[in-house]
Amino acid sequence: MSFSPVVNPVVDFSEYQDEAGQYALTKNVMDNGYCVIKNCDNFKDSVFEIASKIAVPQSTMYGFTQEIKTEPTPRNIAFSGIYLGPHMDFPYYESPPGISFMLCRRNDESVEGGESILIDAFEVAEEIRRCSPEDFKVLCEVPVRYQKIHWDRDDPVYMEWEQPHIVVDSEGTITRINWGPAFEGKSKNDSMTAEYLKAYRLFLQKVNESPTKTVRKLEAGECLVFNNRRMLHGRNEFELNGGTRLLELAFLNICEFRSRAQVLEITQGDGELVKMIGNQNTI
Ligand SMILES: [Fe+2]
């Protein structure tokens, strides 16, 4: 099942209070990789309560919630106004957060740009398998280092994880994608060959050309919910022009999301098996 940029998956916050609305969300995330909840409660940490409707949120190195607000001297590119290319969050975790809840707390009218971008990485990988099997093979075989080494914070972090960009099971089904260019480090082995760089550039090109690309400017009170193990997200550059742009994030573990989505499929839907989850498994 692939993502279609034609659809516009939206659930209203009032519908999302009961199981039918929660199922509409999990179904959209399974089918399209994302969904938007409109008219959400909009205050500090309300994103935690919004995510809690599906499962207990998981903490990350930033805590249970994380604010993304532009800073004059940003210590993280997310806190600047520059373009953020499509990526996954926390690729340096063995088990990165599965579902991202990105609540737009403020996005003033004066703010120019900053539209959110989503791309289906599973579809990108399938396109590479179709058009260039040799590059697909390289992307499945070469281990890549992802890292977050940051001493200049109250609790220094030293995280590393190594895996190929595309992970397949014994039958060749894609079960996981790892893609976070800003978090790539130097691998221990000498894997940065010409073949790897060619395949890497093709993945980058296919990401940027992907027909699954959707672009949306979030409004205050909208919560963009997407599968961080499947969908790459990014952001166009922006100018504040004296205004404020503030997002707040919370995350769910992928297996807990899958469990709740499967329960809702059985109790609210037709019992279809939840798929394209990206949890390194296809059962
Ligand atoms: Fe991100």
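Q: What is the order of the strands in the open sheet of six strands?
A: In this predicted model, the order is β1-β2-β13-β5-β16-β3, and the pairing is mixed.

Q: Why is one side of β1 and of β3 left without a neighbour in the sheet?
A: Strands β1 (10-12) and β3 (66-69) stand at the edges and have a single partner strand each, so one side of each has no neighbour there. On average, neighbouring strands of this sheet are turned by 25 degrees against each other, direction ignored.

Q: What makes β5 and β16 a pair?
A: Two strands count as paired with at least two bridges between them. Strand β5 (residues 99-107) and strand β16 (residues 245-252) have eight bridges, in the antiparallel sense, so they meet that cut-off. Within this pair, Ile99 stands opposite Leu252 in β16.

Q: Which strands does helix α1 lie across?
A: Helix α1 (residues 19-32) lies across β1, β2 (34-38), β5 and β13 (223-227), and runs at about 145 degrees to β2.

Q: How many residues lie between β8 and β9 in their hairpin?
A: There are six residues between β8 and β9. The two strands, residues 144-150 and residues 157-163, pair in the antiparallel sense over seven bridges, and Arg145 stands opposite Glu162 in β9.

Conventions. Residues numbered from 1 in each chain as written. Predicted model: local features only at pLDDT ≥ 70, side-chain atom pairs only at ≥ 80, totals over all residues. Helix = DSSP H or I, 4+ residues; strand = E, 2+ residues; numbered from the N terminus. Axes fitted to C-alpha atoms, helices over the stretch in contact; angles between N-to-C directions. Contact = placed C-beta atoms within 7 Å.
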